[in-house]
Amino acid sequence: MIIGLGMLLIPTPGGLEPRAWHMLALFVATIVAIIAKVMPMGAVCLVALTISGLFGLTPVVPGKGDVGMLSGFANSTIWLIGIAMLLSRAVIKTGLGRRVALFFISVFGKKMIGVAYGFALADLVLGPGIPSASARGGGIMYPIMQSVATAYGSEPGPTARKAGSFLAIAISQIDTIVCAMFLTAMAGNPIMASLAGDLGVT
């Protein structure tokens with residue numbers, strides 16, 4: 001808040017409307033609060049949204065040419081991402097993602113290349129329902145990959161190249177490719193599709 005208030009004390013630069021300068025001050029204060037972790041990110045954003053509505057920066061009832069305080073929630077893309085995030089949490093929490101990955105590894109994992117194919121198929125199956133590369137790669141695939149590497153006697157250090165290095169690179173590449181394959185495989189995809197739609201590209 002101190003940073004935001006400090007910016008408000010600075011005279012509005014020439015060529016800018018006071019409301020635009022005040023919005024920038026609120027935006028900077030919000031980003032700093034998120035980085036400093038004064039509250040959870042969702043709470044910080046709700047406080048910023050409320051302040052912007054109370055002070056008319058983004059009015060609750062928008063006039064002509066204004067952006068409404070809650071207009072972002074009317075965007076179907078945002079709801080798609082939110083629902084997919086809830087679904088991904090359920091997949092991770094119930095252990096379904098882990099079971100899917102282990103199933104494919106058990107079927108294809110007779111050789112190290114088969115283990116990589118098992119991870120690829122698991123990521124392919126989970127991709128459409130988990131819109132986060134970090135949730136899939138870091139939350140599901142990485143712990144299993146680490147266990148498989150350990151089972152092969154591969155640990156960070158001199159034995160890393162026995163299995164761990166190969167599997168870590170494979171998981172990283174697989175996750176990136178799956179992100180590009182499905183609209184809901186990464187939170188940024190629906191946003192990019194929406195921006196493309198605004199330019200007439202379907």
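The model is predicted, so local features need pLDDT of at least 70 and side-chain atom pairs count only at pLDDT 80 or more, while totals for chains, interfaces and linings use all residues. Residues are numbered from 1 along each chain as its sequence is written, and side-chain values use heavy atoms, with hydrogens and water left out.

I start with the core. A nonpolar core is a set of buried Ala, Val, Leu, Ile, Met, Phe, Trp, Tyr and Cys residues joined through side-chain atoms within 4.5 Å. Buried means under 20% relative accessible area, exposed over 50%, and partly exposed in between, with a 1.4 Å probe and protein chains only. The largest such core has 25 residues, and F119, L126, M141, I144 and L167 have the most contacts inside it. Four helices, α5, α6, α7 and α8, each supply at least two of its residues; helices here are DSSP runs of H or I, at least four residues, numbered from the N terminus.

Now α7, which covers 133–151. Where does α7 bend? The bend is at M141, by about 45°, and a proline, P143, follows within four residues. The bend at a residue is the angle between axes fitted to the seven residues ending there and the seven starting there. M141 is also among the buried residues of α7, as are I140 and I144. Just after α7, G153 takes a positive phi of about 75°.

Last, the cysteines. C179 is buried, at 6% relative accessible area, whereas C45 is partly exposed, at 37%. The structure holds 0 disulfides, a disulfide being a pair of cysteine sulfur atoms within 2.5 Å.
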